[in-house]
Amino acid sequence: MAAPRTALLAHLQTWRPYTLWYPGLVGLAGASLTGSHPTTGQLTVAWAAPTLGWVAGHYLGDYYDRDLDALSKPQRPIPSGRLSPRTAVAAGIGCALAVAALALWANWRAVAVAAAAMAGIVAYSRVLKGRGLPGNLVRGVLTALTVLFGAMAVQPWPPWRTLPFALVFLAHDTASNLVGTLRDVDGDREGGYATVPVRRGVRRATHTAAALYLTAVAVACAATGLVPEDTAGYLVLLSAAALCGAGVFGLLLRSPGHLTPALALRAHAVLVCERLVLAAAVVAAGAGAVPALALLTPLLAVSVITQSRMRSRHEFPAPLADGRPTLPDPRP
């Protein structure tokens, strides 16, 4: 039984359970913004298709990153030999085909959105991840497409009100993805990945991410007049997300040009939870605060628990202490 258990754990680690709930919640946010009354089947597609696409992205991303991970993260499933590259590709393609089938069943027009998202996943993983800000922007675009897909799971075309909210997630996830690169500067540099902190320095990357995050919050506030259902619930949850984000960027911006990988990981871990609150705010905008909180509470709990138990070991070969040498930022 040891081998099957090892393989199952390798797949579970590839899925990243602490991030797995976010894309489905964003899809539901898009569905809620239509202002209609979705069926159970439509809501299932709005949730399941983005989630499967997210999992496909992890499988394919880990496949394309296998050489880089062998240098800096040898404990991960593929470089450790617990998951073969062929299996990762097959699982990724299988998830992508399932996304296409769900999109075709719900709304044939949504197939184009799903195809664009999968193309973006491959482009990000294969080429753009190591090209600086364009790679971060693609990650934001993928979440923006998820909002539109969620709406199209319910209606033939997404209503105009979904577009500002899609822009919110575009700016937000570009910022979040950029923060995620701060913990991998040494490994990315060694592997030839020209991320923003590698090319421009940690401080410049942090300032860019903070500006993008502020843009996301500003657009979210400006979109309050477009909320179709529960403005109060939307604003309360949006405020909670913004407070979390302010804490993260306040901590990062106070760093005097140096940042430990462990601290960078903790900052991104907070954003992983914060973005669930943001997505729940948009769900509340269209469906009300009670359904939004009913979804958010267990998902947030699972995310916090699985991050505490799994994430550090997935990101670092060994647990990092706060006293580990910091990442120097040679650029002003």
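Reader: In which helix is the place of Pro261?

Author: The model is predicted. Pro261 has its place in helix H13, and that helix covers residues 261-287.

Reader: Why does Pro261 count as buried?

Author: The general idea is a cut-off: a residue is buried when its relative accessible area is under 20%. Pro261 has a relative accessibility of 7%, so it counts as buried.

Reader: How far apart are Pro261 and Asp184 in sequence and in space?

Author: One sets the two separations side by side. Along the sequence, 77 residues separate Pro261 from Asp184, while their C-alpha atoms are 7.1 Å apart.

Reader: How many cavities of 30 Å³ or more does a search of the whole structure find?

Author: A cavity is a space from which the probe cannot get out. In this structure the search finds one cavity of 30 Å³ or more. The volume of the largest cavity is about 60 Å³.

Reader: Which helices each supply at least two residues of the lining of the largest cavity?

Author: These are helix H8 (162-180), helix H11 (202-222), helix H12 (231-253) and H13. H11 gives the most, with four residues. Among the lining residues are Val168, His172, Tyr213, Leu238 and Glu274. By class, the lining of the largest cavity has nine nonpolar residues, one polar and one charged.

Reader: What space lies in the second largest pocket, and how many residues line that pocket?

Author: A pocket, in contrast to a cavity, is an open set of points. The second largest pocket holds about 280 Å³ of space. Its lining comprises 15 residues, and Ser32, Ser36, Pro38, Gly286 and Ala287 lie nearest its centre. Helix H2 (22-32), helix H13 (261-287) and helix H14 (289-315) are the elements that give two or more residues to this lining. Nine of the lining residues of the second largest pocket are nonpolar, five are polar and one is charged.

Reader: Where does UniProt place the feature "transmembrane region"?

Author: Such an annotation comes from a record and can be set against the model. The unreviewed UniProt entry places "transmembrane region" at residues 83-102, 108-125, 137-157, 210-227, 234-256 and 276-305.

Reader: What percentage of helix do the spans 108-125 and 210-227 have?

Author: Residues 108-125 are 89% helix and 0% strand, with end C-alpha atoms 26 Å apart. For residues 210-227 the values are 72% helix and 0% strand, and the end C-alpha atoms lie 25 Å apart.

How values were computed: Residues are numbered from 1 along each chain as its sequence is written. This is a predicted model: local features need pLDDT of at least 70, side-chain atom pairs count only at pLDDT 80 or more; totals for chains, interfaces and linings use all residues. Side-chain values use heavy atoms; hydrogens and water are left out. On a 1 Å grid over the protein atoms alone, a cavity is a set of points where a 1.4 Å probe fits but cannot get out, and a pocket is an open set with protein on both sides within 12 Å along at least five of seven lines; lining residues have an atom within 4 Å of a point. Grid points are joined across faces, edges and corners, and a volume is the space filled by probe spheres set on the points. Ala, Val, Leu, Ile, Met, Phe, Trp, Tyr, Cys and Pro count as nonpolar, Asp, Glu, Lys and Arg as charged, and the others, Gly among them, as polar. UniProt positions are given in the numbering used here, feature names are shortened, and annotations may be inferred rather than shown by experiment. Buried means under 20% relative accessible area, exposed over 50%, partly exposed in between (1.4 Å probe, protein chains only).
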